[in-house]
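Dear colleague,

Please find below the structure that I am handing over to you, together with its sequence. My notes on what was found in it follow directly after.

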Amino acid sequence: MKLTEIDAPNFDLAMTLDSGQVFHWKKIGNRFYGTIGDRAVWVEQRGDVALVGHGAPSQSGDSPTLSGMVVNYFAFDHPLAEICRSFPDDPIMNAARSYCRGLRIIRQPRWECLATFITSSMKQVAHIRQISRKLRERFGERREIGNSELFTFPAPARLAGSSEKALRECALGYRAKNLLATAQLVESGAVNLEKWSALSDVDLRANLCELPGVGAKVANCVMLFAYERLRAFPIDVWIERVLREQYFPRKRNMTAGRLRAFAETHFGEHGGYAQQYLFHHARMAARANLSAPPR
């Protein structure tokens, strides 16, 4: 198998893939196996270099180069040091920044990201991984890389043509109805996720929130991870706890609206990165606890 070496300074592969952004990569030895779009790859970090192996390319004939695809996916072009310097200088953020060195926001395929976070509502990361695996194995396309078998995330048409019953068999519960309805909207052309990239943050968030199963938190996750709106600041149970306990420990009247307003002003233009660092740091600090909040 031909290998590709890619410069990857200021990067932590394991932390990035385990930070609750994506849910399908699996570690075997020192390598992480997964799909980027419809391409099966494995990635291994050796210092400041990412070593990449790949399976057969797609049949479309217009796939980007492997190195370009990996550089784009892991956002190696993001000026991470500059982004981290823009974080507010407070003890909570400083601790998260120190712990999460090298964590990058992944650029995810828009449909895959939207569909995945629709399935994530009130689920812990381990459960989201199980759902992702079941959806891929049942509805995705099989890929081989080395001795490993991987599956792509199912296209909108594949899910739109299924049924709520079939989706519930993938452990989606009530989320099955929302995922099916959204897949049908995308497949019919009523929703064009690519064209939405031209919208303002306000309009993009509003359009996303009109989709079945998408509220403010999921919309902000999709804006951050699929549309690269780095100011988007998803507030889930973990982040709400961090904000209330660490930033407002003596205030009991902090409404959700006030927390959103605080996050918008306090964390600024790279609030999405700040949120991910706070989320991952809090989750790792609490990993030994028996009870963990959902994503």
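The axes of helix H5 (residues 110–118) and helix H11 (residues 216–226) come within 9 Å of each other and cross at roughly 150 degrees. H5 is therefore roughly antiparallel to H11, a label given to angles over 145 degrees, whereas those under 35 count as roughly parallel, 65 to 115 as roughly perpendicular and the rest as oblique. Axes here are lines fitted to C-alpha atoms, for helices over the stretch in contact, and angles run from 0 to 180 degrees between N-to-C directions. On the H5 side, Arg110, Cys113, Leu114, Phe117 and Ile118 meet Val218, Cys221, Val222, Phe225 and Ala226 of H11, where contact means heavy atoms within 4.5 Å. Helices (H or I, at least four residues) and strands (E, at least two) are DSSP runs, numbered from the N terminus.

Two remarks on the basis of these values are in order. This is a predicted model, in which local features need pLDDT of at least 70 and side-chain atom pairs count only at pLDDT 80 or more, while totals for chains, interfaces and linings use all residues. Residues are numbered from 1 along each chain as its sequence is written, and side-chain values use heavy atoms, with hydrogens and water left out.

I turn next to the sheet. It is open and consists of 5 strands in the order S1-S5-S4-S3-S2, with antiparallel pairing; two strands pair if DSSP finds at least two bridges between them. Strand S1 (4–7) and S2 stand at the edges with a single partner strand each, so one side of each lacks a neighbour in the sheet. On average, and with direction ignored, neighbouring strands of this sheet are turned by 35 degrees against each other. Helix H2 (residues 66–73) packs on the sheet and touches S1, S3, S4 and strand S5 (49–54). The direction of H2 makes about 40 degrees with that of S1.

Strand S2 (residues 26–28) runs antiparallel to S3 and is joined to it by 3 bridges, with Lys27 opposite Phe32 in S3. The hairpin of S2 and S3 has 2 residues between the strands, and Gly29 takes a positive phi near 65 degrees there. Towards strand S4 (residues 39–46), S3 has 5 bridges, again antiparallel. Phe32 has Val43 as its bridge partner in S4, and Ile36 has Arg39. S3 and S4 also form a hairpin with 2 residues between them, and Gly37 in the turn has a positive phi of about 65 degrees.

Positive phi values also occur at two alanines. Ala75, although not a glycine, has a positive phi of about 55 degrees. Ala75 is placed in the loop between H2 and helix H3 (80–85) and counts as buried at 0% relative accessibility. For Ala171, phi is positive and near 70 degrees. Ala171 lies in the loop between helix H8 (164–168) and helix H9 (175–188), and its relative accessibility of 33% makes it partly exposed.

The last topic is charge pairing. A search of the whole structure finds 18 salt bridges, each being a side-chain nitrogen of Lys or Arg within 4 Å of a carboxyl oxygen of Asp or Glu. One of them joins Glu44 and Arg46 at 3.1 Å, N to O; Glu44 counts as buried, at 8% relative accessibility. Arg142 forms a salt bridge with Glu144 at 2.6 Å, N to O, and another with Glu149, where the closest N and O atoms are 2.4 Å apart. Both Arg142, with a relative accessible area of 44%, and Glu149, with 38%, are partly exposed. Finally, a network of salt bridges links Asp18, Arg129 and Arg283.

With kind regards

Technical notes
Buried means under 20% relative accessible area, exposed over 50%, partly exposed in between (1.4 Å probe, protein chains only).
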